[in-house]
Amino acid sequence: SIHSCLLNIFGNSSLSLPNVSLVEDELLSLGLTPTQLAHNDTNSASSEDTTVPKPLTITPAFTRALSVLDRTTPLQTHKIALLYLPQHQQQPPNDDNETLSLSCTSASPSFQEFSRQLGSLVPSRQLNYFSGGIDTSYHVSDGEFSRVWVSENKTLVVFHTVTLMPVGVLQRKRHVGNDFVHVVFKET
């Protein structure tokens, strides 16, 4: 029985009896049978027995899979483009004024306040779980700071804020062009 197997492991003293009862309840809740315990206890399982775990072989494929798992975020992630249009540009970006909307290097205080309400300004190098494609290396080629919002229910949003990125339409477009959602702040 499970009880006798556990007594063999813990010993037959009065101090071990409460431990035996607790462990016995846990093992039964996991669905382990006395036969499985006897196999694990005596190491007498045959090579065909599938109940005994086999040692893990570390292969290049395993190492690759583990590195992907290390980079997998525990959060639901999104990336959103945040564009600023100064007062003299009254229409949202399109093919004609795309360059103008991607070339803004500064923004008004009202845009700064609006973006502050969307999320926190964090150093790009601290985007450990999800960067939305922003460079988080020592070079921070996509800008030193990023706008990020994290909810209590494990959702993370990285805003590709054009005014926080270094000057360069192609570099900015690489991020903004791949976002499904674009928020355009028009100065009025």
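This is a predicted model: local features need pLDDT of at least 70, side-chain atom pairs count only at pLDDT 80 or more; totals for chains, interfaces and linings use all residues.
Colleague: Why is strand β4 described as largely enclosed by the rest of the structure?

Modeller: Strands are DSSP runs (E, at least two residues), numbered from the N terminus. Buried means under 20% relative accessible area, with a 1.4 Å probe and protein chains only. Seven of the seven residues of β4 (residues 155-161) are buried, so the strand is largely enclosed. Thr 155, Val 157, Phe 159 and Thr 161 point one way, Leu 156, Val 158 and His 160 the other.

Colleague: Which strands pair with β4, and in which sense?

Modeller: Two strands pair if DSSP finds at least two bridges between them. Strand β1 (residues 76-85) is parallel to β4 over seven bridges, and Ile 80 stands opposite Phe 159. Strand β3 (residues 145-150) runs antiparallel to β4 and is joined to it by four bridges; here Trp 149 stands opposite Val 157. β3 and β4 form a hairpin with four residues between them, and Lys 154 in the turn has a positive phi of about 65 degrees.

Colleague: Which residues are in contact with Thr 161?

Modeller: Contact means heavy atoms within 4.5 Å. Leaving aside neighbours within four places in sequence, Thr 161 is in contact with Leu 82, Phe 111 and Arg 147. Thr 161 counts as buried, at 3% relative accessibility.

Terms used. Residues are numbered from 1 along each chain as its sequence is written. Side-chain values use heavy atoms; hydrogens and water are left out. Buried means under 20% relative accessible area, exposed over 50%, partly exposed in between (1.4 Å probe, protein chains only).
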